[in-house]
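I opened my notebook for a friendly first walk through this model. Here is what I set out to look up.

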Amino acid sequence: MRGAKSAKWVAIAAVVALGATACGGGESGGKDSGNKGAVDPNAKFSVEVGEPENPLQPANTMESNGSIVTRALFSQLVNYDAKGNIEMVNAESVETKDNKTYTVKLKAGWKFHDGTPVTAESYVKAWNWAANPKNKQKNSFWFSDIKGYAEVSPTKGAPKATELSGLKVVDETSFTIELSTPIPYYVYKLGYEVFSPLPESFYADPAKAGQKPVGNGPYKFVNWQHKKQIEVARYDAYTGPDKAKNGGVLFKNYTNLETAYEDLKSGNVDVLRQIAPKDLPVYKQDLGDRAVDGSNSAIQTIAPAFYTDQFKDIDPKVVKGLSMAIDRETITRTVLQGTREPATGWVAQGVLGYQENAAGDAVKFDPAKAKALIEEGGGVPGDKITIQFNADGGHKEWVEAVCGSITKATGVACTGDSKPDFQADLQARAAEQVKSLYRSGWNLDFPMNANFIRDLFGTSSDGNQSGFSNKEVDALIKAADSAKSLEESTKLYQELEKKLPEYMPSIPLWYYKVNAGYSENVSDVKYNQKGDPVLTDVQVKK
């Protein structure tokens, strides 16, 4: 499936002020995060989330509500520090001499939550299972770089193999990964939870395991009350570098951010990922030092559904014209209360290869040129468009503002197409039921520009839900992936990003920030480059 957290599809995003009118990485935390007082290391705290779209199988979790839970339960071979540098977690080392064959050596003594050892076979068998199309894992394409994927999951015809020939167990704590072609940044990809190991108990009943997952991470699963909460507890036998400083986490389900914010103020939830739309103008005053305003490597875009009759053979000039009809400066300043920064390209800030002004004039507000480009490109079929969004994420106001700007500048009628929640939104995308355009907020899987280009705009990429396909773009992606070094690959992706205005695979809107907060019950609350709270660092006050 062309899907959704292949980088994390962002559910909540537009922190907006009600009543606003339509118009024509590193970690951050609250100021008192170090002033925690007496704490209870065994107490649990709660975090605001939504209902995960899918069972909690690592290769089937492709959106932000599920991924925050999955990352608590499963540790990866590697992770990244605040500057985007590789850190070893379950791996002792990941080495390569040619960028094609990688040798992974595991740290000894790691165990799953059921007490069984984490071995090389735990990784190899899990990846083979996830890559097999019969298991219907939404992130299966992430294994396509590995030799043998075309035989396991061919684009046409029946599979010729059930295991990836590029994966070999060397001994109990080491294995090799042979890629089809060299990729100089492959070790970066191994920090994404799709590459989690699985215990032997998983294969007896994968569906049941998705409801009661057994991982190797800092927290172990307790229970899942659907559409209410998911509970996890600290795993005391965990030997990783990020051992939990608390007793566990309650992931509380909310269908709107306003309710979550009221619960935060009354102490009924401890940590929010975003502030409720109507409360943005007052949250800093309400929360004081517990208000968070920090950086986040994510970007908001809107993407045409290129599989529709309306956009199937559209001239990129039309999409560029729609982009130039959007007054990003005014919308981010007023509707978004300054909590977003107008995007100048397709790659989020804070990742390797980010560059300013990659999109050139494609993101410049110019009503006259916008209208002219649309006319030169043959116009918008039907002379009207819709923008699909999830109603539970605080997007309504900015979608209305974007539509108002487009209509005022070009005369093209534009309205929002609201889906009740993020699950419904993702399901409509997966079933190719988007009527026109859709909101496609995207957060990093790994801190490099390739993740925002290859994984969204490659013809066969899982993150490509729009149906965008261009042979020239695919060739340039292949060339960047075949570079001799990480530096050269990053540079080639930068050059490709500067060419994207010729193709307009989506319309960049703005870069995200973390506007969040936490209760008086907790301290040491920080947010990572993905914009999620660092769960293991949170301490609960007595």
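Predicted model: local features only at pLDDT ≥ 70, side-chain atom pairs only at ≥ 80, totals over all residues.

**Entry 1: a helix pair**

I began with helix α8, residues 316-324, and helix α10, residues 367-376. At what angle do α8 and α10 pack? I found about 160°, with the two axes 7 Å apart. Angles over 145 degrees count as roughly antiparallel, so α8 is roughly antiparallel to α10. I also noted that their crossing is left-handed.

Next I looked up which residues meet. On the α8 side I listed K317, V318, K320, G321, L322 and M324. On the α10 side I listed P367, K369, A370, L373, I374 and E376. I sorted the residues of this contact into 7 nonpolar, 1 polar and 4 charged.

I then turned to backbone angles. I located K136 in the loop between α2 (120-131) and α3 (149-152). Is K136 buried or exposed? I read 68% relative accessibility for K136, so it counts as exposed.

I placed D383 in the loop between α10 and β16 (384-390). Its relative accessible area is 44%, so I wrote D383 down as partly exposed.

**Entry 2: T459 and its polar contacts**

I looked for T459 and found it in the loop between α13 (450-457) and α14 (471-481). Which side chains make polar contacts with the side chain of T459? One is the side chain of S469, at 2.9 Å. Another is the side chain of D474, at 2.5 Å.

**Entry 3: Q310 and its surroundings**

My last stop was Q310, in the loop between β14 (291-304) and α8. I wanted to know what lies around Q310 apart from its neighbours within four places in sequence, and I listed contacts with V380, P381, K384, I385, K435 and S436.

How far apart are Q310 and V380 in sequence and in space? They are 70 residues apart in sequence and 7.5 Å apart in space, C-alpha to C-alpha. For K384 I noted a further detail: its backbone oxygen lies 2.7 Å from a polar atom of the Q310 side chain.

Terms used. Residues numbered from 1 in each chain as written. Heavy atoms only, no water. Axes fitted to C-alpha atoms, helices over the stretch in contact; angles between N-to-C directions. Helix = DSSP H or I, 4+ residues; strand = E, 2+ residues; numbered from the N terminus. Parallel < 35°, antiparallel > 145°, perpendicular 65-115°, else oblique. Left-handed = near helix turned anticlockwise from the far one by under 90°. Contact = heavy atoms within 4.5 Å. Nonpolar A, V, L, I, M, F, W, Y, C, P; charged D, E, K, R; others polar. Buried < 20%, exposed > 50% of the residue type's maximum accessible area, 1.4 Å probe, protein only. Polar contact = N/O pair within 3.5 Å; in protein donor to acceptor, adjacent residues only side chain to side chain.
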